[in-house]
Amino acid sequence: MNKKIVKINNLEVGAEKIVLIAGPCAVESEQEFELDVKDLKAVDIFRGGAYKTRTSPHSFSGLGEKGIEILNKISKKYNKPFVTEITKVDLIPTYEKLVDIIQVGARSMQNFELLKALGKTNKPILLKRGFGNTIEELIYAAEYISSEGNDNIILCERGIRTFEESTRFTLDVSAIPVLKSKTPYPVIVDPSHAAGDSAYVEALTLAAIAAGADGIMIEIHSKPDQALSDKKQALKPEEYNEIILKAEKVAKAIGRYI
Ligand code: PEP
Ligand code: MN
């Protein structure tokens, strides 16, 4: 199958280089976002939620428009593109103007109206697997986007719900080779939401790279215990930098680089 390489400025997702995405779960303030990302080594793309899909309606749901503004300002300052989640069709015109990569979160993977509308844009779409969805359903979700004309799609395995409760979700490593054999799209892995615990992020990162992931997306916070969302899984910037040193070695072992 012809491989699709998704281009974001000079960056190619799905080529030999393994792409690194990192940043906080949610953008909390301009100062905090900059503290989270400024010392990250080898990061290619910043991440941060502005409009969050939270399981509980009582949880912090993001800064909205102000969050997009902060993402823009700090990403420009550090000359990196950024990815942020979209929650509804109405936001598409704003995101087309201001966002580099549009993320569809696990909870929106089967929002077919949103997928079709994103298919009419030419933005790169980072499509996360729903935690209760099969690989086949993820492929159909991608086809809702591509059938409207947009094939700038990056698939993301982020853990699925199983009977196992020791981790927040169960990283489905098999999804990497299966998706790569059944679709042309690059496949990245989010070890942070899969693990739900910063202690396990390193092992899942290395496993994902060894299994052929085209990229990794990791949650960072300068002071994890004070994070407004997903604090247990957030890595400190220096912890991220340590993991990336090991990840470089795994990438090299399989003929790729970071
Ligand atoms: C996220 O990446 O910000 C997120 C909320 O993850 P997921 O949609 O996979 O739960
Ligand atoms: Mn999160």
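Helix α8 passes helix α9 in a right-handed crossing, meaning that the near helix is turned clockwise from the far one by less than a right angle. Helices here are DSSP runs of H or I with at least four residues, numbered from the N terminus. This is a predicted model, where local features need pLDDT of at least 70, side-chain atom pairs count only at pLDDT 80 or more, and totals for chains, interfaces and linings use all residues. Residues are numbered from 1 along each chain as its sequence is written, and side-chain values use heavy atoms, without hydrogens and water.

Back to the helices. α8 covers residues 198–210 and α9 residues 237–253; their axes lie 9 Å apart at about 20 degrees. That makes α8 roughly parallel to α9, the word for angles under 35 degrees. Axes are lines fitted to C-alpha atoms over the stretch in contact, with angles from 0 to 180 degrees between N-to-C directions.

The other pair is α5, residues 135–146, and α6, residues 175–182, packed at about 45 degrees with axes 11 Å apart. These two are therefore oblique to each other. Their crossing is right-handed too.

Now the ligand. Among the residues around ligand 1 are Arg47, Glu85, His193 and Met217, each with a heavy atom within 4 Å. The shell divides into 6 charged, 3 polar and 2 nonpolar residues. Which polar side-chain atom lies 2.6 Å from a ligand 1 oxygen? One belonging to Arg158. For Gln103, an N or O atom of the side chain is 2.9 Å from an oxygen of ligand 1. Alone, ligand 1 exposes 300 Å², and the protein buries 97% of that, by the Shrake-Rupley method with a 1.4 Å probe.

How values were computed:
Chains lettered and ligands numbered in written order. Polar contact = N/O pair within 3.5 Å; in protein donor to acceptor, adjacent residues only side chain to side chain. Nonpolar A, V, L, I, M, F, W, Y, C, P; charged D, E, K, R; others polar. Parallel < 35°, antiparallel > 145°, perpendicular 65-115°, else oblique.
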